[in-house]
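Hi,

Here is the structure I said I would pass on.

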Amino acid sequence: MTAATEARRARTLFEKVWDAHVVRAETPETPAVLYVDLHLMHEVTSPQAFSMLRERGLQVRRRDRTLATTDHSTPTLPRLPDGRWPFFDAQNAAQVAQIERNARDFGVELHGLGDPQQGVVHVFGPEMGATQPGMTVVCGDSHTATHGAFGALAFGIGTSEVGHVLATQCLLQRKPRSLAIRVDGALQPGVTAKDLILAIIAQIGVGGGTGHVMEFTGPAVRALTMEGRMTLCNMAIEGGARAGMIAPDDTTFQWLAGKPRVPKGAAFDAAVARWRALPTDAGATYDREVTVDVSRLEPMVTFGTNPAQGIPVTGRIPEPGAEKDPAARATLESALRYMALTPGEPILGQRVDVVFVGSCTNGRLEDLREAAKVMRGRKVKTRTLVVAGSHAVKQAAEAEGLDRIFREAGAEWREPGCSMCLAMNGDMLEPGQYCVSTSNRNFEGRQGPGGRTLLASPATAAAAAVSGAVADPRRLVEG
Amino acid sequence: MEPIRTIESRTVVIPRENIDTDQIIPGRFLKVTDKQGLGKALFSDWRYDADGKPRPEFVLNRPEAQGCTVLVAGDNFGCGSSREHAPWALVDAGIRAVVSTRVADIFRNNALKNGLVPVVLDPASHAKLLAAPGAKVRIDISSQTVTLPDGTTASFPLDGFAKYCLLNGVDELGFLLSQEEAIAAFESKV
């Protein structure tokens with residue numbers, strides 16, 4: 001295809017970003033060689049990739065396109081008076097030490113423990129202004145989908161691929177199919193981006209987006225803040241799609257202006273002019289389209305062991321007997337057995353032992369504000385961890401006194417990190433405990449062996465904390 | 001990687017849908033900085049009780065599962081995280097192929113880089129395997145077919161390049177490194 005026909009053909013946002021990064025087009029014999037603009041890294045999925053570079057005598061090809069932090073294995077308790085970090089165990093400490101060594105040896109920019117910019121990689125990247133519209137962004141982490149909120153093509157990769165990108169700045173990729181998720185209507189007060197994505201996944205299923213890149217479109221998406229858009233794209237992977245994308249607009253550009261790595265002055269204006277050409281052209285088509293109407297959407301909460309097993313907070317636990325497909329029935333039965341929940345019962349009032357507010361899904365300032373609105377002037381009845389997504393979020397929250405609200409309510413105000421989202425750093429549930437969590441996965445044992453996770457928004461999590469049970473946040477907040 | 005042409009084995013069947021990577025290897029086993037020995041942690045929370053004792057009823061702990069290299073699972077295998085520790089654990093435990101009706105995208109990519117073959121079958125062929133745990137199967141990479149217990153064969157999709165890599169025991173990095181000129185030319189344009 002010539003450049004002229006390429007320019008005339010109506011294309012989706014995804015196709016535009018894809019086309020602009022093809023180093024070598026795909027053929028039946030070989031996948032496309034796709035260029036990576038930004039490679040984010042953390043301590044869990046990178047050590048073996050650096051070992052591979054050492055074994056093969058390779059260097060990091062583009063240090064300027066590589067940016068690392070530490071988040072999964074890091075403690076969320078403050079540094080000890082003697083200057084040491086209170087790691088949960090020696091393996092956590094060794095993993096963090098390893099990325100520090102690798103960053104030093106290979107000249108990679110690392111914002112690790114003690115750095116004022118350290119944070120959960122998908123909170124940190126956008127805050128640095130490293131994530132920009134039209135980019136390709138990868139990271140050895142499935143929630144890299146988050147960065148699609150800026151109109152980037154962003155997806156998780158494995159450690160072998162981390163090595164490929166370190167060595168060549170490229171990946172071998174077959175072009176995925178496209179799936180438009182059009183969101184009509186307007187979200188009601190007390191209903192958030194988290195509720196929206198849980199509803200979408202409940203509709204399409206955990207494998208519904210497999211093989212596709214999702215683009216979220218429609219008025220309800222346009223009305224979301226950048227924080228809300230990041231929450232939405234973050235969980236595209238929970239619907240099976242490696243990437244979720246949202247077309248950049250003024251909301252995006254205003255959020256980006258002034259961020260450290262974003263161009264300034266005339267260069268910013270020029271960048272915005274380029275970014276304005278990214279949204280899907282009129283007449284462009286997707287391989288699949290799904291429409292969701294959110295006018296009557298309620299706060300959502302999951303009852304099962306995959307993120308598609310969600311219901312409105314006022315709903316009842318589904319009856320496996322009503323499920324006709326035997327495999328789906330078995331899946332539901334097994335989930336309810338693990339969760340020890342009774343079919344037909346309302347989810348409201350279900351006992352909650354622990355509440356976790358944080359993660360790459362819901363660990364940003366807006367999320368903490370939503371939780372604080374509910375906790376203000378109340379006392380928590382559960383163990384409650386509030387973990388800012390980054391030091392920047394933590395400082396901003398403290399500047400507006402959110403930390404005081406959480407502390408006065410009896411919640412633990414922790415240092416930034418992934419924490420109880422995946423329980424690698426010692427922040428974990430006891431077997432059998434129920435946790436309302438603002439994170440992204442309710443898989444068996446995700447938050448600790450035997451732990452039971454109910455995914456929800458920050459407001460719903462805070463409502464559970466002050467109630468000691470699953471509660472409707474709309475009854476606890478004025479207007 | 002060793003070249004792989006065929007895989008012949010009795011099957012181990014875990015008939016669950018949506019087996020996520022947290023089940024394949026729970027997060028607390030990801031603190032390593034190498035990839036050796038992860039097979040011990042494979043399906044850890046299903047295989048062992050809270051005291052670390054093997055649960056005799058779990059299929060991988062049964063005597064007949066020993067030596068099996070083909071795992072048959074329900075729909076949407078490997079969903080969830082991008083952890084390559086999942087295929088590392090499967091391969092370390094001796095598994096060479098995973099059969100399902102759908103395999104999650106990132107898991108499939110990771111599996112292929114480790115000589116673990118993701119075999120996606122049509123629901124009818126898959127149902128035959130689910131119904132016959134321990135059946136002998138033969139997976140042929142070159143023809144992209146599985147010989148089922150009833151003697152019929154079913155075909156499965158496999159990307160041409162991934163197939164080339166499996167059959168020849170080569171990895172993708174060599175190919176990417178050979179693209180240096182094109183990559184440099186691309187970089188000079190942007």
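To get you oriented in chain B: between which two helices is the loop that holds B:F43? That loop runs between α1 (21-24) and α2 (44-47) of chain B. Before you go further, please keep in mind that this is a predicted model.

Most residues other than glycine have a negative phi. B:F43 is also buried, with a relative accessible area of 0%.

A:S359 is not a glycine, yet its phi is positive, near 90°. A:S359 sits in helix α13 (residues 359-362) of chain A. Its relative accessibility is 2%, so A:S359 counts as buried, the cut-off being under 20%.

Now for the place where the chains meet. On the chain A side, 67 residues are in contact with chain B, and on the chain B side 48 residues take part. About 4,600 Å² is buried between the two chains, and carbon and sulfur atoms give 56% of that area. There are 9 salt bridges across the interface of chain A and chain B. Polar contacts between chain A and chain B come to 29 residue pairs, with both residues at pLDDT 80 or more.

Which parts of chain A supply at least two residues each to the side that touches chain B? The strands are β1 (22-24), β2 (32-35) and β8 (170-173), and the helices are α3 (47-56), α4 (90-106), α6 (159-168) and α12 (326-339). Of these, α6(A) gives the most, with 6 residues. Sorted by class, this side of chain A has 26 nonpolar, 27 polar and 14 charged residues.

On to the strands, starting with chain A. Strand β16 (residues 383-387) has 4 of its 5 residues buried, so the rest of the structure largely encloses it. β16(A) runs parallel to strand β15 (residues 354-357) of chain A, and 4 bridges join the two. In that pairing, A:V355 stands opposite A:T384 of β16(A). β16(A) also pairs in the parallel sense with strand β17 (residues 412-414) of chain A, over 3 bridges. There, A:L385 has A:E412 in β17(A) as its bridge partner.

In chain B, take a look at strand β3 (residues 97-100). B:A97 and B:V99 point one way, B:V98 and B:S100 point the other way, and all of them are buried. β3(B) runs parallel to strand β2 (residues 70-73) of chain B, joined by 3 bridges. B:V70 has B:A97 in β3(B) as its bridge partner.

You will find A:E238 in the loop between α9 (226-234) and β11 (243-245) of chain A. Its side chain makes a polar contact of 3.0 Å with the side chain of A:R441. Leaving out residues up to four places away in sequence, A:E238 touches several others, among them A:H143, A:I201, A:P307 and A:F443.

Happy browsing!

Key:
Residues are numbered from 1 along each chain as its sequence is written. Chains are lettered from A and ligands numbered from 1 in the order in which they are written. This is a predicted model: local features need pLDDT of at least 70, side-chain atom pairs count only at pLDDT 80 or more; totals for chains, interfaces and linings use all residues. Side-chain values use heavy atoms; hydrogens and water are left out. Contact means heavy atoms within 4.5 Å. Buried area is the accessible area (1.4 Å probe) that two parts lose on being put together, summed over both. A salt bridge is a side-chain nitrogen of Lys or Arg within 4 Å of a carboxyl oxygen of Asp or Glu. A polar contact is a pair of N or O atoms within 3.5 Å; within protein, one must be able to donate a hydrogen and the other to accept it, and residues adjacent in sequence count only if both atoms are side-chain atoms. Ala, Val, Leu, Ile, Met, Phe, Trp, Tyr, Cys and Pro count as nonpolar, Asp, Glu, Lys and Arg as charged, and the others, Gly among them, as polar. Buried means under 20% relative accessible area, exposed over 50%, partly exposed in between (1.4 Å probe, protein chains only). Two strands pair if DSSP finds at least two bridges between them.
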